[in-house]
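Reader: Hi! I'm new to reading protein models, and I'd like a close look at one part of this one. Could you take me there and then show me around what surrounds it?

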Amino acid sequence: MVIEKIRVSIGSASVLKLTTSIILKDMPTTCYLMTYKEGHCFANCGFCPQARGSDSSTEKLSRVTWPVFPLKEVLSRLKNMPIEQQFQRACVQTLNYPENFRDIVEITSKIRGVFKNPISTAIPPLTKEKMKELKAVGINTIGISLDGATPEIFNKVKGKDVNGPYKWEIHYKCLKDALDVFSKGFVSTHLIVGFGESHEELLERIQDLHDMSITVSLFAFTPIKGTKFENMKQPPILDFRKIQLGRYLIVNNIKTYHDFHFDKTGKLLKFDISKVALRNYVEMSNPFITSGCPGCNRPYYTSRPSGPIYNYPRNLITREKEEIFKLLVNFAD
Ligand code: SF4
């Protein structure tokens with residue numbers, strides 16, 4: 001079967017000039033694509049509009065819409081983009097359904113034919129043999145999302161507690177297998193902040209994944225109408241900033257999770273950095289910019305353009321630096 005349709009995030013579609021329906025202040029630097037399938041995903045993640053039990057539109061993933069376009073047209077636009085406007089990366093995502101692997105393989109090989117920069121995929125767990133096949137057709141980086149920071153939270157948000165197919169042990173094993181196939185720096189996972197986990201649990205998980213050489217990126221939980229978790233709140237911005245800075249310190253080997261101080265409930269009290277060092281980290285912006293593969297900025301994926309902005313798709317402006325410094329200053333010495 002030849003694939004005819006593909007979903008493109010509305011921001012990427014705008015860069016490709018496939019739509020004029022939105023003009024974003026910050027444009028995506030990665031081309032975000034998703035395999036097309038009629039109906040919802042076979043999995044049932046409580047936060048996801050694509051979930052089997054969700055009443056949301058299948059046009060959505062997180063708070064972003066993903067309209068459908070002819071694959072031929074998307075390939076032609078990618079091929080003919082002027083060099084200076086080209087995306088730094090393409091990311092092909094897929095839902096969980098029986099033909100998803102076949103679809104990813106076909107789409108990736110076609111993109112590889114017209115696009116020279118790296119290609120990532122975000123995919124549910126799969127065998128090592130299939131990972132090798134993905135690498136052979138042009139995938140550089142593979143992402144397998146844990147989403148939950150602990151086995152209990154994983155079960156609560158995407159495993160047995162929501163009648164989902166996923167098992168923590170299998171996700172972890174797949175991440176390890178992926179390291180054998182794609183090597184260090186080319187295997188990634190996401191954690192979502194805001195499911196009731198403690199700062200300590202999150203930062204301990206980030207340390208563990210970093211020690212395994214897995215790239216960890218962060219999202220803020222975002223309630224979407226029609227999903228099981230539609231009535232839950234986004235995490236307080238202070239919690240997210242703490243985890244962003246903690247993650248940055250861990251993944252850059254500046255601190256380990258053991259250097260941080262927590263109270264009995266796992267709330268972070270101190271980072272073990274000076275106020276001067278905090279000022280420098282805020283000035284550079286990096287800890288607070290979208291984390292993920294190089295070239296991935298995902299504008300407004302989990303934040304409304306009107307704010308609060310959890311992951312910044314660009315460097316911070318002066319006002320934002322001041323806000324973040326003020327929020328975090330009591331956690332530095
Ligand atoms: S597997 Fe992905 S697309 Fe499917 S319900 Fe879970 S998060 Fe959504």
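Reader: Where is Gly159 found, and is Gly159 buried or exposed?

Author: Gly159 is found in the loop between α5 (residues 151–157) and α6; helices here are DSSP runs of H or I with at least four residues, strands are runs of E with at least two, and both are numbered from the N terminus. Two notes on reading along: residues are numbered from 1 along each chain as its sequence is written. This is a predicted model, in which local features need pLDDT of at least 70 and side-chain atom pairs count only at pLDDT 80 or more, while totals for chains, interfaces and linings use all residues.

Gly159 counts as buried, because it has 24 C-beta neighbours inside 10 Å. (A residue is buried if 20 or more other C-beta atoms lie within 10 Å of its own, exposed if 12 or fewer, and partly exposed in between, with C-beta atoms placed from the backbone.) Leaving out residues up to four places away in sequence, Gly159 touches Phe154, Gly164, Tyr166, Lys167 and Trp168; contact asks that two C-beta atoms, placed from the backbone, lie within 7 Å.

Gly159 and Ala43 are 116 residues apart in sequence, yet their C-alpha atoms are 9.0 Å apart in space. Ala43 is also one of the residues surrounding the ligand, together with Cys41, Cys45, Cys48, Gln50, Ala51, Leu95, Asn96, Pro124 and Lys158. (Ala, Val, Leu, Ile, Met, Phe, Trp, Tyr, Cys and Pro count as nonpolar, Asp, Glu, Lys and Arg as charged, and the others, Gly among them, as polar.)

Next, look at α6 itself. Helix α6 (residues 168–182) packs with helix α4 (residues 128–137) at an angle of about 40°, their axes 10 Å apart. Axes are lines fitted to C-alpha atoms, for helices over the stretch in contact, and angles run from 0 to 180 degrees between N-to-C directions. The two helices, α4 and α6, are therefore oblique to each other; under 35 degrees would be roughly parallel, over 145 roughly antiparallel, 65 to 115 roughly perpendicular, and the rest is oblique. On the α4 side, Lys128, Met131, Lys132 and Lys135 meet Asp177, Ala178, Asp180, Val181 and Phe182 of α6. That contact has four nonpolar, no polar and five charged residues.

Finally, here is another loop to visit. Ser198 sits between β9 (residues 187–193) and α7, and counts as partly exposed because it has 17 C-beta neighbours inside 10 Å. Ser198 and Thr265 are 67 residues apart along the chain, with their C-alpha atoms separated by 7.2 Å. Beyond its neighbours within four places in sequence, Ser198 is in contact with Thr265, Gly266 and Lys267.

Definitions and conventions. A residue is near a molecule or strand if its C-beta atom, placed from the backbone, lies within 6 Å of it.
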